[in-house]
Amino acid sequence: MCIQLTHVQPAHLLTRMRTVVLANIIAGFSTAWLLRLSLGADPCSTMNAGIAAHLPISFGTWSLIMNLLLMVIVFRTDRRQLGFGTLSNMVLVGYSADFFGWLIDRNVPAAVFDSWETRLAIGVPVLAVFILAAGVYIAMDLGTSPYDAIPAIIAKRHSSISYRTVRTLWDVTALAVGVLAGASFGPVSVVCAFALGPVIAWVGRVVRERLYQTGGRRGGRAPAPAHA
């Protein structure tokens with residue numbers, strides 16, 4: 001997500017693949033909670049939840065369809081953004097959110113979501129877990145989700161506009177589409193729209209540096225700098 005990191009070499013490819021799968025499942029778990037707390041969610045999930053509510057398909061299925069459509073654009077413009085992590089993200093985040101959402105609906109009393117204090121107490125750590133999972137996903141450098149690849153491609157092609165600006169406009173647009181479609185809007189929505197991309201990118205860099213430090217003690221090489 002957000003920033004593509006190149007030439008990262010933590011441990012072995014299989015370990016990185018397993019880590020990406022786990023990170024995307026955890027991101028789906030966090031998304032399921034955020035969509036039910038009525039505090040808002042990340043822009044992509046907000047957009048997909050709003051649109052999926054009007055379709056006879058689940059959140060996960062629409063998320064996959066949306067990403068497939070965006071992947072066509074990415075494939076034609078910068079296929080280097082794509083990889084195992086791309087496919088993992090496209091499938092696992094949405095369907096994990098469906099699964100964990102089903103578990104939450106069946107096992108968590110509805111009264112839990114009535115209290116603003118309780119929702120906030122759950123929402124803050126859930127958002128932190130989402131950001132950490134997304135950062136780990138970035139650090140593994142196995143491909144970018146189509147949603148996140150688009151602003152990176154736009155910024156690269158229009159060097160006069162910073163990645164941060166493109167990303168913010170992209171996220172605000174997705175958030176607006178979701179809210180207009182009926183998705184919940186709250187403080188998390190605002191934070192995610194204006195700060196989520198840079199924060200996740202920073203977490204990804206921190207995770208990558210820690211992996212390199214560990215790898216360095218084991219004889220690893222320094223990774224190349226990240227780029228937007």
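I start at Asp-78, which counts as buried at 8% relative accessibility. My cut-offs: buried is under 20% relative accessible area, exposed over 50%, partly exposed in between, with a 1.4 Å probe and protein chains only. This is a predicted model, where local features need pLDDT of at least 70, side-chain atom pairs count only at pLDDT 80 or more, and totals for chains, interfaces and linings use all residues. Residues are numbered from 1 along each chain as its sequence is written, and side-chain values use heavy atoms, with hydrogens and water left out.

**Entry: salt bridges**

I looked for the partner of Asp-78. Its side chain meets that of Arg-80 in a salt bridge, 3.1 Å from N to O. I count a salt bridge when a side-chain nitrogen of Lys or Arg is within 4 Å of a carboxyl oxygen of Asp or Glu. Arg-80 is exposed, at 58% relative accessible area.

How many salt bridges does a search of the whole structure find? I get 4.

I then went to Arg-167. Its side chain forms a salt bridge with Asp-148, at 2.5 Å from N to O. This pair links distant parts of the chain: Arg-167 sits in helix H7, Asp-148 in helix H6 (residues 146–157), and they are 19 residues apart. Arg-167 also bridges to Asp-171, at 2.9 Å. Arg-167 and Asp-171 are 4 residues apart in helix H7, so about one helical turn separates them. Shared partners join Asp-148, Arg-167 and Asp-171 into one network of salt bridges.

Are these three buried or exposed? Arg-167 is buried at 3% relative accessibility. Asp-148 is buried at 2%, and Asp-171 is buried at 1%.

**Entry: fold**

I listed the secondary structure: 8 helices and 0 strands. Helices (H or I, at least four residues) and strands (E, at least two) are DSSP runs, numbered from the N terminus. Of the 228 residues, 47% count as buried. I took contacts as heavy atoms within 4.5 Å. Among contacts with a separation of 6 or more, 77% come from residues 24 or more positions apart.

I checked Ala-134 in helix H5 (residues 116–139). Ala-134 is buried, at 3% relative accessibility. Its C-alpha atom is 9.8 Å from that of Gly-197, 63 residues away along the chain.

**Entry: aromatic rings**

I paired rings of Phe, Tyr and Trp (its six-membered ring) with centres within 6.5 Å; planes under 30 degrees apart count as stacked, over 60 as edge-to-face and the rest as tilted. By this rule I count 5 aromatic pairs. Phe-29 and Phe-100 have ring centres 5.2 Å apart and planes at 85°, so I log the pair as edge-to-face. Phe-29 lies in helix H1 (residues 13–36) and Phe-100 in helix H4 (residues 84–107), so the pair ties together parts 71 residues apart in sequence. Phe-29 is partly exposed at 34%, whereas Phe-100 is buried at 19%. Ring pairs also link Phe-29, Phe-99, Phe-100 and Trp-102 into a cluster.

**Entry: nonpolar surface**

Which residues make the nonpolar surface patch of about 420 Å²? I find Val-172, Val-179, Phe-185, Val-190 and Phe-194. Patch residues have over 30% relative accessible area and no salt bridge; like charges are joined within 9 Å, and nonpolar side chains (Val, Leu, Ile, Met, Phe, Trp, Tyr) within 5 Å. Areas come from the Shrake-Rupley method with a 1.4 Å probe; for residues, only the protein chains shown count as cover. Helix H7 (163–180) and helix H8 (187–217) each supply at least two of the patch residues. Val-190 lies in helix H8 and is partly exposed at 38%.
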